[in-house]
Amino acid sequence: MEFVERGATPEPVMKLGIQLHLAGLSLSGTVSVLDSLGVERCRTTVHNWIQKANLQPADGVEPNHVAVDETVIQVNDQRYWLYAAVDPATNRLLHVRLYPTRTTALTEMFLAELKEKHLVDDALFLVDGAPWLQAACHRHGLRFQHVTHGNRNAVERVFKELKRRTKAFANHFRHAEPETAETWLQSFAVCWNQLI
């Protein structure tokens with residue numbers, strides 16, 4: 001909460017507002033709860049709290065397995081690819097990023113960032129048949145296994161919940177920049193990890 005500069009809203013109220021929205025309450029619902037506590041704020045204010053908080057999943061995890069996959073997310077009228085890495089033993093999100101396309105080069109960037117954040121060099125990566133995922137793992141010297149069910153389903157469960165949540169936005173982000181959507185997705189990852 002280092003972004004708090006003014007004392008207009010008490011920090012515990014801001015944290016509550018962020019947690020309520022990321023846990024599944026709409027912005028309007030979050031504003032209603034805050035209003036019932038005597039704190040009148042608009043939806044844009046709560047949205048801005050989430051953006052300014054710049055939440056990121058915790059670093060330094062050393063999983064035995066990492067499930068990696070990507071899915072399509074709509075940002076306005078454009079398709080973007082949400083990449084995610086999940087520890088299937090805990091179902092926690094290790095890393096998420098949003099890209100305008102899916103390529104081997106972008107997948108390599110995603111894995112490089114994942115390796116910087118976590119101790120994954122000895123982990124077994126669980127991937128589907130996507131050639132860009134397998135090629136990127138190979139180029140990074142990571143052990144990987146093509147798996148369609150089992151532990152790789154951890155990432156599918158996260159995507160299912162994410163898509164359930166974004167249905168509140170008609171299954172896409174409207175009037176949002178890709179960076180704004182990515183910040184929300186990273187904040188969602190932090191909340192997801194706290195709830196499981």
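Helix packing and a cavity

Mentor: Let us begin with α3 and α7, which are roughly perpendicular to each other. The model is a predicted one, in which local features need pLDDT of at least 70 and side-chain atom pairs count only at pLDDT 80 or more, while totals for chains, interfaces and linings use all residues. Residues are numbered from 1 along each chain as its sequence is written, and side-chain values use heavy atoms, with hydrogens and water left out.

Trainee: What makes α3 and α7 roughly perpendicular?

Mentor: The axes of α3 (residues 43–53) and α7 cross at roughly 80 degrees and come within 9 Å, and roughly perpendicular covers 65 to 115 degrees, so the label applies to α3 and α7. Their contact (heavy atoms within 4.5 Å) joins His47, Ile50 and Gln51 of α3 to Glu179, Thr180, Thr183, Trp184 and Ser187 of α7. By class, that contact has two nonpolar, five polar and one charged residues.

Trainee: What makes α2 roughly perpendicular to α3?

Mentor: Helix α2 (residues 27–36) packs on α3 at an angle of about 105 degrees, with the axes 9 Å apart, and that angle makes α2 roughly perpendicular to α3. Here Leu27, Ser28, Thr30, Val31 and Leu34 of α2 meet Arg43, Val46, His47 and Trp49 of α3. These residues divide into five nonpolar, three polar and one charged.

Trainee: How many cavities of 30 Å³ or more does the structure hold?

Mentor: The structure holds one, a cavity being a set of points on a 1 Å grid where a 1.4 Å probe fits but cannot get out. The largest cavity has a volume of about 40 Å³.

Trainee: Which residues line the largest cavity?

Mentor: The lining (residues with an atom within 4 Å of a point) is made by Leu82, Ala84, Leu93, Val96, Val158, Phe159, Leu162, Leu185 and Phe188. The elements giving two or more residues to this lining are β2 (78–87), β3 (92–99), α6 (153–166) and α7 (178–195), and α6 gives the most, with three residues.

Trainee: How do the lining residues divide by class?

Mentor: They divide into nine nonpolar, no polar and no charged; Ala, Val, Leu, Ile, Met, Phe, Trp, Tyr, Cys and Pro count as nonpolar, Asp, Glu, Lys and Arg as charged, and the others, Gly among them, as polar.

Key. 1 Å grid on protein atoms, 1.4 Å probe; cavity = no way out; pocket = protein on both sides within 12 Å on 5 of 7 lines; lining within 4 Å. Points joined across faces, edges and corners; volume = space filled by probe spheres on them. Helix = DSSP H or I, 4+ residues; strand = E, 2+ residues; numbered from the N terminus. Axes fitted to C-alpha atoms, helices over the stretch in contact; angles between N-to-C directions. Parallel < 35°, antiparallel > 145°, perpendicular 65-115°, else oblique.
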